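User: Could you take a close look at one helix for me, and at what surrounds it? I'd enjoy a connected walk through the details.

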Amino acid sequence: MTRSALVVHHSGRPEAVAAAAEAVAALEAAGMAPVHEDELAQVSDLAVVIVLGGDGTILRAAELTHGTDVPLLGVNLGHVGFLAESEREDIGEAVRRLASGEYDVEERRTVEVRVLRPDGEVEVGWALNEATVEKSDRARMVEVVVEVDGRPLSSFGCDGVVMSTATGSTAHAFSAGGPVVWPDVDAMLLVPVSAHALFARPLVVGPTSVLAVEVLARSMSDAVLTCDGRRRIDLPTGTRVEVRRSDVPVRLARMSHAPFTDRLVSRFALPVSGWRGRGVNGSRQREDVPAEDGGLR
């Protein structure tokens, strides 16, 4: 049976359209059947999804595969592309390796998002990067109280609060002043945005914690919840949003075993000139070897 691969791209960008045509040709040459989004019948029948674009396009594709075992391979056509695995010039080689099974699958944690309205109605969503509670009135702050593990932490007026996964620490949470968290760290972040408070620092909590944000009744502005910048829910005053770790991951196809540090340096173009590191033969500049007397030689 011929394996099929869904090709997801931004149809409004000429570069993405050209890259998609190249990917389709490479898939056919490798003996795989390319599938376009408008032809998709059953996601679980796919072998892989190839995503051509930036992180936003990858997040759109993640909506399609969420809850399945189908991995995503991101080819970066954007500016940063933290979720992408390959670059534009590597499409042909990436498809060849996909077809021959030369890749690993990395599972990224997601969060479950629950919206509890004052009338008792409950809505459930999810996010790979972050769930953000933001003010809906640009001219006013939203008044919130934040909670960790069922205990109130602080209340303040702000532009919003970002509740992020480790994967999302380099997205909205990063732009709001949060820390970069390595993706293999099983943690969640809470990052206030432009908060008027003495204590409004970014928080990092463990995998079993539950984060919550309540839009206070005294707030002069309603709020809006956005998951991964894509799925939006209006939040009237009195609404509560809870975020906890989900057991449903998003699966990413990986072909490189380079450490996350290298990805960070590459994506942000960080200055590392002058670093000596290991010696020219790959050995350490100096090895501290325990001596028999318990000291170091």
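**Helix α3 and its neighbours**

Analyst: Happy to! The buried residues of α3 pack against α1 (14-29), β3 (48-53), β4 (72-76), β5 (86-87) and β19 (250-254), where contact means heavy atoms within 4.5 Å. Helices (H or I, at least four residues) and strands (E, at least two) are DSSP runs, numbered from the N terminus. This is a predicted model, in which local features need pLDDT of at least 70 and side-chain atom pairs count only at pLDDT 80 or more, while totals for chains, interfaces and linings use all residues. Residues are numbered from 1 along each chain as its sequence is written, and side-chain values use heavy atoms, with hydrogens and water left out.

Which residues of α3 (residues 91-99) are buried? They are I91, A94, V95 and L98, with buried meaning under 20% relative accessible area, exposed over 50% and partly exposed in between (1.4 Å probe, protein chains only). These residues lie on the same side of α3 because they cover an arc of only 95° around the axis; the arc is that of the directions from the helix axis to the C-beta atoms. In general, an α-helix has 3.6 residues a turn, so residues three or four places apart point the same way. Just after α3, G101 takes a positive phi of about 75°.

R117 counts as buried because its relative accessibility is 16%.
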